[in-house]
Amino acid sequence: MPLEVWFPEGMGFEVLILVMLVALAAGWVDAVVGGGGLLQLPALLLVPGLAPVQALATNKLSSIFGTATASVTFVRRIKPDLRTALPMAGFALTGSFGGAAVAVLLPAQVFKPIIVVAMLAVAIFVAVRPAMGAATSLRFRQRRHLVVASAMGLGIGFYDGILGPGTGTFLIIALVSVLGYDFIQSSAKAKIVNLATNMGALALFIPTGSVMWGLGLSMAAMNMVGGYLGSRTAIAKGSAFVRVVFLAVVGVLILRLGYDVLVEWGALN
């Protein structure tokens with residue numbers, strides 16, 4: 001494998017250490033409530049000599065290790081219902097492929113304002129209902145439960161393919177507010193589904209040669225540590241802790257995407 005697919009040309013050791021530390025923090029955040037890409041992807045976009053598509057691909061390589069580690073930890077310790085998580089993951093994988101295909105035809109700017117409004121509404125809804133997500137109280141049963149979960153997986157997987165930021169957070173939103181799981185169960189299932197969407201995206205990036213393997217695997221090691229620590233923290237602290245972190249991450253997502261919308265509309269020029 002040629003050297004240029006391992007690290008960007010001219011990348012210094014100091015920059016490598018910095019992005020690895022960011023990957024550690026991103027793995028922790030992503031394991032607890034999703035949204036680790038909000039830290040990791042911007043850091044990669046600042047790496048000298050790294051093209052945007054290489055940043056996206058390398059971010060997926062790193063993230064998939066952290067997500068897999070968190071998924072295994074959650075499965076071993078709290079045993080989430082895989083009868084819901086696995087079909088949801090399968091449909092999410094399909095949706096991510098569809099989203100990536102549509103992304104070629106429609107700019108992400110079309111969707112961002114809608115997403116900002118939706119996330120703001122969800123944040124207010126969760127904030128004014130402290131008991132929401134504190135305990136599991138399923139709203140659907142048997143076949144209807146699986147149909148709704150699969151539809152959510154397909155839709156959120158589509159979002160991950162076409163835009164991406166905060167996919168894990170959206171999964172938790174859906175699992176808590178629509179299906180009625182508590183925050184811990186939702187975090188566990190969200191990791192499994194998010195793992196599927198990451199695998200789908202990476203399967204598209206690898207054949208194009210966009211992955212920086214050395215950089216991505218270096219970050220992956222730290223992302224795995226962060227994912228393990230984050231999942232252990234979420235399990236130990238419980239749903240109330242996850243709810244607080246969830247609201248904080250959603251707030252950052254709203255600010256980040258809202259800023260992007262204002263820039264694209266020219267309001268901040």
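What radius of gyration would a compact globule with 269 residues have, and what does the protein have? The rule for a globule, 2.2 Å times the number of residues to the power 0.38, gives a value near 18 Å, and the protein has 18 Å, taken over C-alpha atoms, which agrees.

This is a predicted model, in which local features need pLDDT of at least 70 and side-chain atom pairs count only at pLDDT 80 or more, while totals for chains, interfaces and linings use all residues. Residues are numbered from 1 along each chain as its sequence is written, and side-chain values use heavy atoms, with hydrogens and water left out.

**The whole chain**

Start with a cartoon view, where the secondary structure comes to 10 helices and zero strands; helices are DSSP runs of H or I with at least four residues, strands are runs of E with at least two, and both are numbered from the N terminus. Along its principal axes, the C-alpha trace spans about 55 × 45 × 30 Å. Buried residues (under 20% relative accessible area, as against over 50% for exposed and in between for partly exposed, with a 1.4 Å probe and protein chains only) make up 51% of the 269 residues. Among contacts (heavy atoms within 4.5 Å) with a separation of 6 or more, 83% are between residues 24 or more positions apart.

**Helix 2 and its surroundings**

Next select helix 2, residues 37–45, whose buried residues are Leu38, Gln40, Leu41, Ala43 and Leu44. These buried residues pack against helix 1 (13–33), helix 3, helix 9 (213–237) and helix 10 (239–264).

**Ala234 in helix 9**

Move on to Ala234, which is found in helix 9 and counts as buried because its relative accessibility is 0%. Leaving out residues up to four places away in sequence, Ala234 touches Val32, Phe74, Ile184 and Val242.

**Thr197 in helix 8**

Thr197 is in helix 8, residues 183–205, and is likewise counted as buried, at 1% relative accessibility. Show the side chains of Thr197 and Asp160, which are joined by a polar contact of 3.0 Å; such a contact is a pair of N or O atoms within 3.5 Å, where within protein one must be able to donate a hydrogen and the other to accept it, and residues adjacent in sequence count only if both atoms are side-chain atoms. Apart from neighbours within four places in sequence, Thr197 is in contact with Ala92, Ser96, Gly157 and Asp160.

**Two residues with positive phi**

Finally, look at the backbone of two residues, bearing in mind that most residues other than glycine have a negative phi. Lys79, in the loop between helix 3 (52–78) and helix 4 (82–105), has a positive phi near 50 degrees, and at 62% relative accessibility Lys79 counts as exposed. Gln142 lies in helix 6, residues 142–162, and has a positive phi of about 50 degrees although it is not a glycine. Is Gln142 buried or exposed? With a relative accessible area of 72%, Gln142 is exposed.
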